[in-house]
Amino acid sequence: MGGAEVEVLVAGGGVVGCAVALELARRGVSVLLAEAEDGFGLQASGTNSGVLHTGFDSVPGELETHLILRAARPREEALAALGVPVKRCGALMTPRDDAERARVAALARGAAANGVAHELRDDGSLLIPGECVTDPVRFTLALAAAAGAAGAELRVGAPVGDLERAGDGLAAQVGGARVRARVVVNCAGLGADALARTAGDEGFAIHPRKGEFLVFEPPGGAAPERILLPVPSPGTKGVLVFPTLDGKLVTGPTAHDQQDKRDWRVRPEAPAEIRAKVAAMVPELEGAEPIAAYAGLRPAGTGCNYVIGPSPLCPPLIHVAAIRSTGLTAALGIAADVAGHVAAAGVEVGEPAPLRPGPRPPGLGLDGPWWTRTARYEAARAS
Ligand SMILES: Cc1cc2nc3c(=O)[nH]c(=O)nc-3n(C[C@H](O)[C@H](O)[C@H](O)COP(=O)(O)OP(=O)(O)OC[C@H]3O[C@@H](n4cnc5c(N)ncnc54)[C@H](O)[C@@H]3O)c2cc1C
């Protein structure tokens with residue numbers, strides 16, 4: 001068959017694929033990280049809220065919650081070792097009526113069950129001091145760079161497809177080249193279901209859940225001191241208000257299910273939807289003009305969430321799919337979990353070498369505020 005050979009091919013260079021490549025490369029595994037776009041972190045991982053969650057509101061006992069909590073320590077180590085900036089501002093959730101007050105009290109009980117520091121105040125509001133904001137693009141690029149420094153090969157403009165069984169492992173098309181791997185890890189975000197289908201696995205489907213944001217100069221010149229959270233409803237954390245590292249104020253995201261995986265536009269109705277939801281939280285924004293708007297597409301599983309583990313139909317293919325809404329936070333916990341699956345598939349996985357920052361990874365870097373990057377990329381691609 002010819003072509004290159006690696007132990008693990010990681011398909012998809014969002015924050016999850018970059019974290020998986022880093023974890024495996026640090027553990028002595030030969031890794032190729034292949035990203036379809038012209039740079040790492042151009043899809044969900046570069047178009048989100050940038051909030052690093054504590055897991056205070058995650059359902060106790062679920063896999064997503066377990067991986068959020070498992071990520072906390074390695075993420076702190078990585079942020080420090082790789083020099084990724086963080087705004088340690090905490091978050092505040094304030095109920096508006098008795099029904100919301102009861103929901104907030106229930107969340108406080110969940111936070112206690114998850115072991116997350118919190119303070120339920122006399123006025124019914126909940127303070128979560130550990131919630132913080134980062135630059136999600138710098139985080140993703142730093143993980144990719146560190147994976148490169150640990151020995152992973154990094155490729156962009158290299159879509160993975162056409163998986164087929166080859167001996168104990170798989171052969172795949174990577175860009176224009178044929179690659180054989182003992183294991184393929186499917187971190188392809190919105191493309192994870194299409195990649196699985198090339199191996200005959202139709203076990204899950206992914207659809208985009210669009211989240212739109214408005215960016216403002218902070219009213220009065222000072223961004224909010226904390227992340228302001230609405231009381232969530234089932235299925236969505238709701239529209240929040242948060243400060244960015246570069247001193248802006250962002251409101252969003254919306255939650256709009258769609259079918260088109262390439263439609264990253266902000267819908268014309270989105271600004272009014274967002275404004276209506278944040279009017280009570282930041283009344284000063286009334287009449288203020290946003291300086292920018294952006295949209296992200298969450299890779300949402302249709303009827304499933306956090307699909308992690310070997311494909312039942314093709315075990316050398318390990319899925320890390322449907323990481324819809326907390327992947328930035330959980331990436332390093334997910335990566336540790338995936339290392340266990342890779343070892344179980346017969347690849348030797350050693351102890352991790354120390355984390356080292358790496359040189360700038362190939363492809364589009366970060367030039368200007370992260371929240372403008374995807375919009376500029378889409379505009380350049382369209383022209
Ligand atoms: C609006 C919004 C707000 C969010 N807010 C937060 C938040 O505050 N905190 C938080 O923790 N999480 C948040 N999230 C969730 C988080 O962004 C995602 O969970 C995370 O980015 C998923 O990472 P991923 O690597 O799985 O997917 P992606 O970032 O989508 O990466 C998948 C990559 O795979 C590539 N790809 C696709 N097909 C192929 C192929 N065949 N071959 C090679 N490459 C391929 C894509 O180009 C893409 O780069 C938010 C998401 C959105 C959209």
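Which loop does Pro253 lie in? Let's find out together, and please keep in mind that everything on the screen is a predicted model.

Pro253 sits in the loop between strand S16, residues 249-252, and strand S17, residues 256-257. What kind of peptide bond joins Gly252 and Pro253? A cis one, with omega at about -5 degrees.

While we are on loops, have a look at Tyr306. You'll find Tyr306 in the loop between S18 and strand S19, which covers 307-310. Tyr306 is not a glycine, and yet its phi is positive, about 50 degrees.

Now to the ligand. There are 37 residues around the ligand, and Glu35, Ser45, Val51, Ile323 and Thr329 come nearest. By type, the shell splits into 15 nonpolar residues, 18 polar ones and four charged ones. Which helices and strands each give at least two residues to that shell? They are helix H1 (15-26), strand S13 (206-216), strand S18 (292-301) and helix H7 (327-344).

Let's zoom in on some atoms. Val51 uses a polar backbone atom, which is 2.7 Å from a nitrogen atom of the ligand. With Asn48, the side chain takes part: one of its N or O atoms is 3.0 Å from a ligand oxygen. For Ala44 we are back at the backbone, where an N or O atom lies 3.3 Å from an oxygen atom of the ligand. And how much of the ligand's area does the protein bury? Taken alone, the ligand exposes 1000 Å², and the protein buries 95% of that.

Last stop: a pair of helices. Two packed helices are described by the angle between their axes and by the distance between those axes. The crossing of H1 past H4 is left-handed.

Conventions
Residues numbered from 1 in each chain as written. Predicted model: local features only at pLDDT ≥ 70, side-chain atom pairs only at ≥ 80, totals over all residues. Heavy atoms only, no water. Near = heavy atom within 4 Å. Polar contact = N/O pair within 3.5 Å; in protein donor to acceptor, adjacent residues only side chain to side chain. Areas by Shrake-Rupley, 256 points an atom, 1.4 Å probe, with all protein chains shown as cover. Helix = DSSP H or I, 4+ residues; strand = E, 2+ residues; numbered from the N terminus. Nonpolar A, V, L, I, M, F, W, Y, C, P; charged D, E, K, R; others polar. Left-handed = near helix turned anticlockwise from the far one by under 90°.
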